[in-house]
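This report describes a protein chain through its helix packing and a selection of individual residues. The sequence and structure are shown first.

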Amino acid sequence: MDRERLATARRLAESQDGVVSRRQLYAAGLSEIHVRRAVESGRWQTHGRHTVAVHTAPLGVMAQRWRAVWEVGESIAAIDGVTALQAAGLKGYEDDRIHLSAKHNHNTVTSRGVTVHKIIRRVPDEVLATGVPRVRPAVAAVRAAHWAVSDRQAALVLLMTVQQKLTAPALLAAAQRSVRGRTRRAFIGAVVRDIASGVESLGELDFAGRCRRRGLPEPSRQVVRHGARGRIYLDVRWDCCDLVVEIEGAHHREGLNVMMDNLRQNALVLAGDRVLRIDVIGLRLEPDLFLDQVAAAHSHTGRRFDVFRGHG
């Protein structure tokens, strides 16, 4: 192959992490013979029926996503679910498989490391037009929740998408109304409504649901109080009994967070609130014991200045 054609192929692959589709190569004037000779000479490497790498190194993450789309079907497939969220910047959620969506009435081929999810229809404008075809975060998050292996995993991916500002609660709620998933519809609807109401952590969401099942009154969430050092944001509070519950993740033990939490708690107690502290691990391992403490606090209507600490 002459240098001009090699340069053309490299330009095409430059924005695609080193890979091109045969369709792109043929449209640029290269033939099947050119591709075969480049592969046989050791310059290029094929990765399936439609994907050609203009190098022989392992494929990078983005190249693997391009390969997945091309091998399943360029005109019908888009990366979706957790994979689309990872492409949008999701951090801290591990899933090595590439998740794609494709219309249910199309035949698709299996591809190594790729999970193809058949969908009834696409939401209007759900696929971004630039870069590797991928679904917008709000729709991708709802589908990821439907495809999750458990309710907890479904709630986690929805919450992380909003926490990391990949989408807004209102957009997530609109997507939930539009996406027709096959599993846990009622659960996802309830989680999205809680998120739209201001729940900001999985611990808070779990806690609110458990309180409802215990027949406890609905608490106020993300309450703002004013202290000596400015605003104090409370996870959960019941005005009826001056009870505050703080749901604590692992980050509360980092750096100066312990000191700041102690100052905040002391300010609340001095102002007349009772404070229960529950860490997320404790809520998972001993939920009944912690909920017993919350119920006991509700059964004592007098004003007290006790501090209960939960250890998980």
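The protein contains 13 helices and 11 strands, where helices (H or I, at least four residues) and strands (E, at least two) are DSSP runs numbered from the N terminus. The model is a predicted one, in which local features need pLDDT of at least 70 and side-chain atom pairs count only at pLDDT 80 or more, while totals for chains, interfaces and linings use all residues. Residues are numbered from 1 along each chain as its sequence is written, and side-chain values use heavy atoms, with hydrogens and water left out.

Of the 312 residues of the protein, 47% count as buried; buried means under 20% relative accessible area, exposed over 50%, and partly exposed in between (1.4 Å probe, protein chains only). Among contacts between residues at least 6 apart in sequence, 58% join residues at least 24 apart, a contact being heavy atoms within 4.5 Å.

**Helix packing**

Two packed helices are described by the angle between their axes and the distance between the axes. Here the axes are lines fitted to C-alpha atoms, for helices over the stretch in contact, and angles run from 0 to 180 degrees between N-to-C directions.

| Helix pair | Axes come within | Crossing angle |
|---|---|---|
| H6 (residues 137–147) and H7 (residues 151–163) | 8 Å | roughly 165 degrees |
| H8 (residues 169–178) and H9 (residues 185–196) | 9 Å | roughly 160 degrees |
| H6 and H8 | 8 Å | roughly 55 degrees |

Angles under 35 degrees count as roughly parallel, over 145 as roughly antiparallel, 65 to 115 as roughly perpendicular and the rest as oblique. With axes crossing at roughly 165 degrees, H6 is roughly antiparallel to H7. The crossing of H6 past H7 is right-handed; a crossing is left-handed if the near helix is turned anticlockwise from the far one by less than a right angle, and right-handed if clockwise. On the H6 side the contact is made by Pro137, Ala141, Val142, Ala144 and Ala145, and on the H7 side by Ala154, Val157, Leu158 and Thr161. These residues divide into eight nonpolar, one polar and no charged. In this classification Ala, Val, Leu, Ile, Met, Phe, Trp, Tyr, Cys and Pro count as nonpolar, Asp, Glu, Lys and Arg as charged, and the others, Gly among them, as polar.

For H8 and H9, the axes cross at roughly 160 degrees, and the two helices are therefore roughly antiparallel to each other. Their crossing is left-handed. H8 contributes Pro169, Leu172, Ala173 and Gln176 to the contact, and H9 contributes Arg185, Ile188, Gly189, Val192, Ile195 and Ala196. By class there are seven nonpolar residues, two polar and one charged.

The axes of H6 and H8 cross at roughly 55 degrees, which makes H6 oblique to H8. H6 passes H8 in a right-handed crossing. In this contact, Ala138, Val139, Ala141 and Val142 of H6 meet Leu171, Leu172, Ala175 and Gln176 of H8. Seven of these residues are nonpolar, one is polar and none is charged.

**Buried polar and charged side chains**

Serine 101 lies in strand S5 and counts as buried, at 0% relative accessibility. Its side chain makes a polar contact of 2.8 Å with the side chain of aspartate 80, and another of 2.9 Å joins serine 101 to the side chain of arginine 122. A polar contact is a pair of N or O atoms within 3.5 Å; within protein, one must be able to donate a hydrogen and the other to accept it, and residues adjacent in sequence count only if both atoms are side-chain atoms.

**Loop residues**

Aspartate 125 is placed in the loop between strand S6 (114–119) and H6. Its phi is near 60 degrees, a positive value in a residue other than glycine, and aspartate 125 counts as exposed at 63% relative accessibility. Aspartate 242, in the loop between S8 and strand S9 (243–248), has a positive phi of about 50 degrees although it is not a glycine. Aspartate 242 is buried, with a relative accessible area of 17%.

Glycine 92 is in the loop between helix H5 (81–88) and strand S5 (98–103) and is exposed, with a relative accessible area of 66%. The C-alpha atoms of glycine 92 and methionine 160 are separated by 8.7 Å, although the two are 68 residues apart along the chain.
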